[in-house]
Amino acid sequence: MHGLHGAVRHLEQLQAHEFELKVRMEQFMQQQGREWQQQLQQHARQQAVLQRQLQDSQQAHAEYERSTNAMAVQGAQQVQRAEAARAAAEEQAQQKARQVAELEEQVCALTQQEQQLQQQVQAGMQQQE
């Protein structure tokens, strides 16, 4: 009887120990689950920060592209305006050159007329003599 009583007591101790192990295991699993949950939340926050940084970077790059394109267009327009101004200046210079040539022709014609008139005057004066 004493042996049976000791065996029952030993069985009860084993059951109590098993229960304690189950409780500890459950607590450990809950603790582990909380730590994993915290790590997941931390990773999610880090990912959100990185996502915002990526979006900011993409936005800055797009703004840079727009700015660069706008400057390129502006530069091209300035070049076109400069080309147009140069062409207009060349056209004016050619017009002035044509006007000068026409005036030179008129001066030549007037000089010839003057010489003819002088010859006529000299001829007239010789006839009067």
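**Entry 1. Surface and model**

I looked up the accessible surface of the protein chain and found about 12,200 Å², of which 55% belongs to carbon and sulfur atoms. I note that these areas come from the Shrake-Rupley method with a 1.4 Å probe, and that for residues only the protein chains shown count as cover. The model is predicted: local features need pLDDT of at least 70, side-chain atom pairs count only at pLDDT 80 or more, and totals for chains, interfaces and linings use all residues. Residues are numbered from 1 along each chain as its sequence is written, and side-chain values use heavy atoms, with hydrogens and water left out.

**Entry 2. Fold and dimensions**

Helices (H or I, at least four residues) and strands (E, at least two) are DSSP runs, numbered from the N terminus. Helix α1 covers residues 2-128. I then looked up the span of the C-alpha trace along its principal axes, which is about 190 × 10 × 10 Å. The radius of gyration is 55 Å, whereas a compact globule of 129 residues would have one near 14 Å. That radius is taken over C-alpha atoms, and the globule rule is 2.2 Å times the number of residues to the power 0.38. As a check on distance I took Gln31 and Gln119: they are 88 residues apart in sequence and 130 Å apart in space, C-alpha to C-alpha. Gln119 lies in helix α1 and is exposed, at 54% relative accessibility.

**Entry 3. Burial**

How many of the 129 residues count as buried? I found 1%. The cut-offs are under 20% relative accessible area for buried, over 50% for exposed, and partly exposed in between (1.4 Å probe, protein chains only).

**Entry 4. Charges and salt bridges**

I listed 11 positive and 16 negative side chains, and the centres of the two sets lie 22 Å apart. Lys and Arg count as positive and Asp and Glu as negative; His and the chain ends are not counted. Each charge is placed at NZ of Lys, CZ of Arg, CG of Asp or CD of Glu.

For salt bridges I used a side-chain nitrogen of Lys or Arg within 4 Å of a carboxyl oxygen of Asp or Glu. The count comes to six. I looked at these pairs:

- Glu18 and Lys22 pair with their closest N and O atoms 3.8 Å apart. Both lie in helix α1, four residues apart, about one turn of the helix. Glu18 is partly exposed at 44%, and Lys22 is exposed at 53%.
- Glu63 and Arg66 meet at 2.8 Å, N to O. The two are separated by about one helical turn because they are three residues apart in helix α1. Glu63 is partly exposed at 44%, as is Arg66 at 49%.
- Arg86 and Glu90 have their closest N and O atoms 2.6 Å apart. They are four residues apart in helix α1, so about one helical turn separates them. Glu90 is partly exposed at 40%, and Arg86 is partly exposed at 41%.

Glu83 joins Arg86 and Glu90 in a network of salt bridges.

**Entry 5. Nonpolar patch**

Which residues form a nonpolar patch on the surface? I found Met25, Phe28 and Met29, with about 330 Å² of accessible area together. Patches are made of residues with over 30% relative accessible area and no salt bridge; like charges are joined within 9 Å, and nonpolar side chains (Val, Leu, Ile, Met, Phe, Trp, Tyr) within 5 Å. Phe28 lies in helix α1 and is partly exposed, with a relative accessible area of 47%.
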